[in-house]
Structure formats: structure tokens, C-alpha cells
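Keep the structure open as you read, and look up each residue as it comes along.

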Amino acid sequence: MMDNHLTALEVDSYLEKRGDEHDRAQVDAHLAACALCRGRVARERRVESALREMPRAGAPRDLSARITAAVELRVAAEQDRRKRLPLIAVATIFSVLLSVWFALEMVLAFQENGVLDFFALVTNQPEIFAGYSTDAVFALVESVPISEIAMTVFALLTVVVLAQQWADAALPNRSVSRNGR
Ligand SMILES: [Zn+2]
């Protein structure tokens, strides 16, 4: 019966201690006589123990730890976002009010300096300035409230930046996908 070498199936069942006593005794007898099959069984045993040694249980543990870490990161980001949201909203509203204030200042300065009247005069009666056009241009430039315009523009830029931040915080999907985390 056991004249031939062990089959792979027989080696497996021998290593896994399946099969009855009779089979095992036969395999033992063959192994005692056959160095080739002893070698195969020893090799199989090494492979099996090596497979068992491999951190198979470690991979899922590490994976779950990483998933937990990722979830915690998400939760922390979410909490951070919720905390930031009111602050950004307040800052946005404040910067809008500031822009309105600067815009009003600008309009008042325009009126005070008579810039619009000046423009109207230049466009309606250009012949008045025909002789001394350079002076007229300088006077016009000087009458423009540069600083008020600059303040208004900066305030509006602040509004745009803050509104962008607010949109990022209010719509988490956008910022998350952008971060790629
Ligand atoms: Zn053999």
C-alpha cells in the first residue's frame, strides 16, 4: 500500500494529524524508511510553522488601529470645524460691516471732495480745462480719496477670504477632498 512515496494529500493529513492510527502508523513506517519523504514532511512542516508565525493576526489589528486613528482624525477635524465655524461667521460679519463702513467713508469723501462734480464739470464742459489740462488732471487725481478707496478694497478682500474660509468650514466635503485625507 505504502510502496509509493507519500502524496501531497497524505503529507498534509499527516501534518494536520488527520487520518486514523493505522494510516499514521503506515506513514511513520514509510518516513522511517524514506529520506525523500522525510525531507518533504520536514519542509512542509517548516512552511506551515512559518505561515503560522506570519503576523496574520497583526495585520487586522494594525488595520483596525489605523482605521480608528483615521476616524478619530475625522472626528477631531469635525469638532475643530464646528468650533471654528462661529468664529469665522463672526469675523465674516464683522468684515462685511467694516467694508460697509469704509464704503460709506469713501462715498462721503467723494462728496466732500466734490469728485463727482469735478467729473461732471470735466465731461460737460471740457473746454474750461482745454487750456490747462495737466493741472485739471492733477486736481482731479488729488480730489480722489485714494486711502478710502484702498481701505474699502482691502476690507472687501477680507470679506472674500473669510467667506471662502466659512464656505470651507461649512461644507466639510470640499475641504476634506481637497486635503485628500
Ligand atoms: Zn517516500
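Where pLDDT is low, the predicted coordinates should not be read in detail.

The chain as a whole averages a pLDDT of 81, with 83% of the residues scoring at least 70. Helix H9 (residues 172-179) has the lowest mean pLDDT among the elements, 51, while helix H2 (residues 21-33) has the highest, 92. Residue numbers start from 1 along each chain as its sequence is written. Because the model is predicted, local features need pLDDT of at least 70 and side-chain atom pairs count only at pLDDT 80 or more, whereas totals for chains, interfaces and linings use all residues.

## The overall fold

Of the 181 residues in the chain, 8% are buried. A residue is buried if 20 or more other C-beta atoms lie within 10 Å of its own, exposed if 12 or fewer, and partly exposed in between, with C-beta atoms placed from the backbone. Among contacts between residues at least 6 apart in sequence, 78% join residues at least 24 apart.

## H1 meets H3

Now turn to helix H1 (8-15) and helix H3 (residues 35-53). Their axes come within 10 Å and cross at roughly 60 degrees. That makes H1 oblique to H3, because angles under 35 degrees count as roughly parallel, over 145 as roughly antiparallel, 65 to 115 as roughly perpendicular and the rest as oblique. The axes are lines fitted to C-alpha atoms, for helices over the stretch in contact, and angles run from 0 to 180 degrees between N-to-C directions. The crossing is right-handed, meaning that the near helix is turned clockwise from the far one by less than a right angle.

On the H1 side, Val11, Tyr14 and Leu15 meet Arg40, Val41, Glu44, Arg45 and Glu48 of H3. Arg40 is partly exposed, because it has 16 C-beta neighbours inside 10 Å. Leaving aside residues up to four places away in sequence, Arg40 touches Leu6 and Val11. Arg40 and Leu6 are 34 residues apart in sequence, yet 9.0 Å apart in space, C-alpha to C-alpha.

## A loop residue worth a look

Lys17 lies in the loop between H1 and H2. Its phi is near 60 degrees, a positive value in a residue other than glycine. Most residues other than glycine have a negative phi. Lys17 counts as exposed because it has 7 C-beta neighbours inside 10 Å.

Helix H8 (residues 146-170) has 25 residues and should span 36 Å at 1.5 Å a residue, which agrees with the 36 Å between its end C-alpha atoms. The expected span is 1.5 Å times one less than the number of residues. The buried residues of H8 are Thr152, Val159 and Ala169.

Ile146, also in H8, is exposed, with 10 other C-beta atoms within 10 Å. The C-alpha atoms of Ile146 and Ala109 are separated by 9.6 Å, with the two residues 37 apart along the chain.

Conventions: Helices (H or I, at least four residues) and strands (E, at least two) are DSSP runs, numbered from the N terminus. Two residues are in contact if their C-beta atoms, placed from the backbone, lie within 7 Å. pLDDT is the predictor's confidence in each residue, from 0 to 100.
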